Amino acid sequence: MTMRESTYYVLAALLDERRHGYAIIKKVEELSGGRVRMAAGTLYATLDRLSAEGHVHADGEEIVNGRARRYYSLTPEGSAALRAEAERMAAAVKVVTDHGSGRAARVQPSAGPA
Amino acid sequence: MTGLERRYRRLLLAYPKAYRAERGDEIVGTLLDAAPPDRRRPAVRQAAALIFGGLRVRLGTQHGPRQPIWRDVLHFVAVMTLAVNTAQWAASLTGGTLQPNTIAGTAATAGALVLVALHRYRLALLLAVIGGLMWEYLITHFTLFSTLPWLAALLAVLTVLAWPRPRDRHTTPAVSTVVAVAVVTPQLLWTALPVAAFHGPGWLAWVLFAPAVLAVTFGVLDPRLMAAYAVNLLLGVTALATVFIDFGSLGVVTSSDVIAHFAAPLAVALVLLTAGWLVHRRRVRL
């Protein structure tokens, strides 16, 4: 099963520590270089899906400035799914980069001075 | 409570009450954290995500993964075909043949429709068979054109029965069932009203495209309806083909008839199937 880009970044945002909703949104934006900006409705739909699949779990609640916060953590299954997706993408990248360097290696001898 | 929070809470009404009780405060907290200090009204993007997210939770279609949809599609095909068959019976009731047999046939077919909506497929199948056979014996006497609609309904119910039950709980909510009937309403009217009511420009487009637009619009939330309506269209085209084969042999079928009655519905069905598949594919990704 391939993963949506937003799902990938949500899981990645939880790699180093547990985070609450707004912190996940900010981290996703940071990790994606500002490309993925999640609306709250989309984030919670993603978290519901990931919770149902056992990839994340709720990990504590608190009230800060009168606002409710629930923290989420990555489960071992979520971590494995994230790494599997990263490896899949790395393999896809390698197809192109290897092709490029192979071509460069083949081209280089004839490109040099005679 | 600020005006912005009140507006966000109003948008949260798109979610079911139980979901709001569990997550409402948390979602509002995140929305308020994410809002710039000068924001007074929810951003359009946030509002749209809340409304669509809430409606998907209400419809039970928020969890795409590992839910094959073909069984559900056939459930909605059965709803649509039985609704059309019920309308046919209703038309025969209003046509002056108000007899106990006709009333019984109408009740059997309408009962099958209700039972399918309630997922009581075995009993629905029995009633659909009774309704179908009565239709043939009492009204149309086994012409291919009249037999196809109830055969299609039987086939859909039978296939749902034979299809292995999915591991996950599937939801085919009442709203989707109502929309499934609404989508075939022009077809019901076409079946139930006198042919003269449909004379005039554009009626075919109205019958064909209005429900397609409804199916696509609602299909963003529940792609099963797009696919079901496409299958229903294909069944309709097949039924119509049996008539055209007869007329064709009489030499009264023109190429514009073929385009209007076959090419256009087939194209719409293809678009709906593709759109339904694409929406579903997007949803099944994690």
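**Figure 1. Polar contacts between chain A and chain B in the predicted model.** Twelve residue pairs, both members at pLDDT 80 or more, are in polar contact between the two chains. On the chain A side, helix 2 (21-31), helix 3 (40-52) and strand 3 (67-74) each supply at least two of the residues that touch chain B. Helix 3 of chain A gives the largest share, nine residues. By class, the side of chain A that touches chain B holds 13 nonpolar, six polar and eight charged residues.

**Figure 2. Salt bridges across the interface of chain A and chain B.** Five salt bridges are found across this interface. One of them joins Asp48(A) to Arg23(B). The closest N and O atoms of Asp48(A) and Arg23(B) are 2.6 Å apart.

**Figure 3. Area buried between chain A and chain B.** In this interface, 27 residues of chain A are in contact with 26 residues of chain B. The two chains bury about 2600 Å² between them, and 51% of that area is on carbon and sulfur atoms. Within chain A, the residues that lose the most area to chain B are Arg4(A), Tyr44(A) and Arg67(A), which together account for 24% of what that side buries.

**Figure 4. Helix 2 of chain A against helix 2 (residues 17-34) of chain B.** The two helix axes come within 8 Å and cross at roughly 45 degrees. Helix 2 of chain A is therefore oblique to helix 2 of chain B. Gly21(A), Tyr22(A) and Ile25(A) make the contact from chain A, and Thr30(B), Asp33(B) and Ala34(B) make it from chain B.

Terms used: Residues are numbered from 1 along each chain as its sequence is written. Chains are lettered from A and ligands numbered from 1 in the order in which they are written. This is a predicted model: local features need pLDDT of at least 70, side-chain atom pairs count only at pLDDT 80 or more; totals for chains, interfaces and linings use all residues. Side-chain values use heavy atoms; hydrogens and water are left out. Contact means heavy atoms within 4.5 Å. Buried area is the accessible area (1.4 Å probe) that two parts lose on being put together, summed over both. A salt bridge is a side-chain nitrogen of Lys or Arg within 4 Å of a carboxyl oxygen of Asp or Glu. A polar contact is a pair of N or O atoms within 3.5 Å; within protein, one must be able to donate a hydrogen and the other to accept it, and residues adjacent in sequence count only if both atoms are side-chain atoms. Helices (H or I, at least four residues) and strands (E, at least two) are DSSP runs, numbered from the N terminus. Ala, Val, Leu, Ile, Met, Phe, Trp, Tyr, Cys and Pro count as nonpolar, Asp, Glu, Lys and Arg as charged, and the others, Gly among them, as polar. Axes are lines fitted to C-alpha atoms, for helices over the stretch in contact, and angles run from 0 to 180 degrees between N-to-C directions. Angles under 35 degrees count as roughly parallel, over 145 as roughly antiparallel, 65 to 115 as roughly perpendicular and the rest as oblique.
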